[in-house]
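I opened the notebook with the two chains still to be looked up. The entries below go through each chain and then the interface.

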Amino acid sequence: MRRALWILAVLLSHWRRHKMQFATLLIGLIAATALWSGVQAINQQARSAYDRAAATFGGVRTAMLVAPNAATFPQELFIKLRRAGWPVSPVLEGRVQINGRSLRLLGIEPVTLPADVGNAPRLGAADLSSFVAPPGQTLVARETLADLQEPEGAAPAISNGAELPPLRVQPQLAPDVLVVDIGVAQRLLSKPDQVSRLLIGQPRGKPMPLASVVGEQLQRVEPNAETELERLTDSFHLNLTAFGLLSFFVGLFIVNSAVGLAFEQRLPMLRTLRACGASARLVNTVLVVELVALALVAGLIGLVCGYFIAAALLPDVAASLRGLYGARIPGQLTLRPEWWLAGIGISVAGALVAAATSLIKAIRMPVLATAQPGAWQQRQRRWLILQSCAACAVFAVALLLLHYGQSLIAGFGVLAALMLGAALILPAFLDIILLVGQRVARGPLALWFWADSRQQLSGLSLALMALLLALAVNVGVSTMVDTFSRTFIGWLNGRLAADVYISASDNAQGVAIRSWLKDRSEVQGILSGGRAEAQIQGQSVELLGLPDHALYRERWPLLEAAPRAWTRLVPGNAAFISEQLSRRLNVRLGDVVEVPAPGGTWELDIVGIYADYGNPKGQLTVNVAALIRQFPQTPQTRIGLIVARENISGLIAALQKQFGLDDRSVADQATVRAESIRVFNRTFAVTSALNAFTLGVAGIALLTSLLTLANSRLPQLAPLWAIGITRPRLAAIELTKTLSVALFTALLAVPLGLLVAWCLIAIVNVKAFGWRLPFHVFPLQLIELVAVALLASLLAALLPVARLARMQPANLIKVFANER
Amino acid sequence: MLSIRNLSKTFSSAGEPVHVLRGVDLDLKAGERVALTGESGSGKSTLLHLIAGLDAADGGTIRLEEIEVTKLSDAGRASLRRDRIGLVFQQFNLIPSLSVADNLAFQARIAGRHDAAWTKELVERLGLGSLLKRYPEQISGGQQQRVAIGRALATKPSLLLADEPTGNLDEATAEDVLALTRDLVARTGCGFLMVTHSLHLAATLDRHLTLHAGRIA
């Protein structure tokens, strides 16, 4: 043991003399652990929120019985089934509006509610009576209470004027959900004796066959392991994980270069230890122990940093998830013990992987040094050929995935393979460029410039790969976001047909407003719309009702349309379908979609497909009059107005005065447009933050590589100084060299980034969201990114170069000192 | 050609001043070949570094031809090394990324004094003809030192300074390398100051000086 401690002390003495290298190693490990753990913390937070939503009194994680062709069915079927031994419990679901805010209302029957409906919040025996007995209770999540701006115990009114039972906080509930007794729900939703579904508990004996009890009136739906929300958000979390993984690898690049250099510098020390009698096994064991100890320390620091990164990113992530998928994530971070353990584990594993080549070299190292059999150029050529072969193999995998892959994972696989292949082939590309430079160079310094850059390539390649990946991701994601932004704004201009938008608090107010508007001379047209919800093939679908008006025909953009599409919409047996829903249901023009409506199945011919960017739900657009006929409960609270520009502000002021409407209930087109764009920008805020993080880590990788290389480069630079090249000139050459390779890398990152953008737009987006965007290139943005890359490289190179420019001759002379 | 008067240099080691040179006087004529010996730490390499302008003296003067080296700026000393001085080190210090041919011509090209005929003659005399396309790490120590000597003489310098040029070579190779250097120095007519530990090699030059306690004994 004492011997091992002595060896450890000797090994650690290296770091005392190489503090910058030690800092580099720790920075790499901390950055890798912090970014990976930060992203995992966010994913964990989001997933637990989805679990809450899914487990709300038996979500899709519970087996259930539903009517095949209708939104609800008679309650007597529930009684029949209970009598036949089926452990079922009824649930009625609908939507209510409170102060213009739409919420999900769930009516449950607590006595029969199965005990095993996921991890749903349970009602204790004491609470049961106050929940069921009048006036009853409305269970809500704490967030919902805050959103409604109501105190616990309040009984707010819904849009039809009915009052909810007093509100009571139930912490495990998902946000935007109101839970009441089923009798209360039937009254509030005006659906007496109706049930949406029956949750199935664990049967005690063998119940009678379903068909023999209820015939074909109900069908069984098996539980899903993954909720619709989880499926929808998979791509987002995969994207986030990909960013985390990228940063993790970039961090490991830093560790790899630091450990590699430390190993080379400690070779004589290791040989001396072996020569002094320390066994190879003991030396190697102590090397591993030293690395694991450093990884543990760095891992702990990294976890703390990861927590702060996650806390800083969470509001943006929550905004993105809400904007893209309508998912609600609590803004406060809660972490489980397994997160801490996984973080430490990933730090240790990452350190061991990053140091693997050095450790293998140490294990195989002979006690006596042997001469190098080949020149650096031969070794470099061999390394470049091997790496290029690996790159070609990875590109082949990308092609196969592109051709045969169908899933979202395959889409991300194409992206990953593309980037890995590009990173692997980068040194070969740079070597060719530098070789051409060397061939055409005339002066001796120019010749040295190119030749030395080539020789430095192996030392810098990992940092340059990191820079390439970070830049390509930046170019790709920024191009995708800007393409989305341009498309979205163009689309929004078409979609926002009306000049003023009104949202009445209830139907009565809606009627009053419409009647008042008819007498206003400045109002050129009233566009009354409506929205309802339905379940189609197990998916929640929004039904949008539009009035028949020339304005829509002129401005509402359709991606594909059958002849006379708008005219065919009027009778009420045709619909337009949103692009994402058409992909999800595999529906094309001319197909028929069956919508379960309260009065039975509503068959709709699909006569148009339209883009519906940013809407997490699938949507069908129908004639509003037909919608109200099929869904009589549709709130008629949405009104659009056509008004001349100069009359808008006066009309809004008059509406506010007459009906007490606030700014949320009445807004002009410009305000709605600005708000939509603000929400859109917020949706991608997390992308910008992650882009900045990855570029920052790549910058650190470059800085640490240059700093560690700077120390080992003295023997190459000192002879040039001795020959008569001044230190400032040498520093200027070094700076130019770094900037040159960074520029070449950045230029190669541009086409790679555009390819990444194409993959995101044409493959990943289509699979994840269901919409395909037109591809746009933004030259100014590309120039800006190349400039940022050069600036990052300049900053990274500045410190080592400044040190060289100001280096004391004594340090350079040391290279020539014979008695070293 | 080289005139040194009362040269002094002090270093600081662990906070204590170490007087390495305490008033060195030395003269060297054009074409003269001088060996400088002395025990370890006597200041031989320091003296060579000061003459080459790699370091600045604390006191005294160094004059090379008409130039007073001790009055030159950093850039002036760099220019002096480039144009008038050839340097040979024990560790060879070739540029690993350049081939033997490019290493040989490097200093002469930088100084703007490249003479293809002279470089060709150097290649022949140093026996490097078959090694021109190789890289430093592909050739032996003796061969590397011959390239270093060729590089130093390619500019036809006024003064060739060599710090233990044979220290890393075996005895036979060391004698070969030194014989070649002597011939080439004679051919160019430059001055030659060589630091060495070998009394045997020192005896082969025109004059032998010993540095002791910071002074020429």
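I count two residues as in contact if their C-beta atoms, placed from the backbone, lie within 7 Å. The model is predicted, and my totals for chains and interfaces use all residues.

Entry, chain B. I looked up the contacts between residues at least 6 apart in sequence, and 73% of them join residues at least 24 apart. For secondary structure I noted seven helices and 10 strands in chain B. I then checked burial: 51% of the 217 residues of chain B count as buried.

Entry, chain A. Among contacts in chain A with a separation of 6 or more, 83% are between residues 24 or more positions apart.

Entry, interface. How many residues of chain A are in contact with chain B? I found 27 residues of chain A in contact with 31 residues of chain B. I next asked which helices of chain A each supply at least two residues of the side that touches chain B. They are α12 (376-404), α14 (444-495), α23 (714-723) and α26 (809-813) of chain A. The largest share of that side comes from α14(A), with eight residues. Last, I sorted the side of chain A that touches chain B by class: 16 residues are nonpolar, eight are polar and three are charged.

Notes: Residues are numbered from 1 along each chain as its sequence is written. Chains are lettered from A and ligands numbered from 1 in the order in which they are written. This is a predicted model: local features need pLDDT of at least 70, side-chain atom pairs count only at pLDDT 80 or more; totals for chains, interfaces and linings use all residues. Helices (H or I, at least four residues) and strands (E, at least two) are DSSP runs, numbered from the N terminus. A residue is buried if 20 or more other C-beta atoms lie within 10 Å of its own, exposed if 12 or fewer, and partly exposed in between; C-beta atoms are placed from the backbone. Ala, Val, Leu, Ile, Met, Phe, Trp, Tyr, Cys and Pro count as nonpolar, Asp, Glu, Lys and Arg as charged, and the others, Gly among them, as polar.
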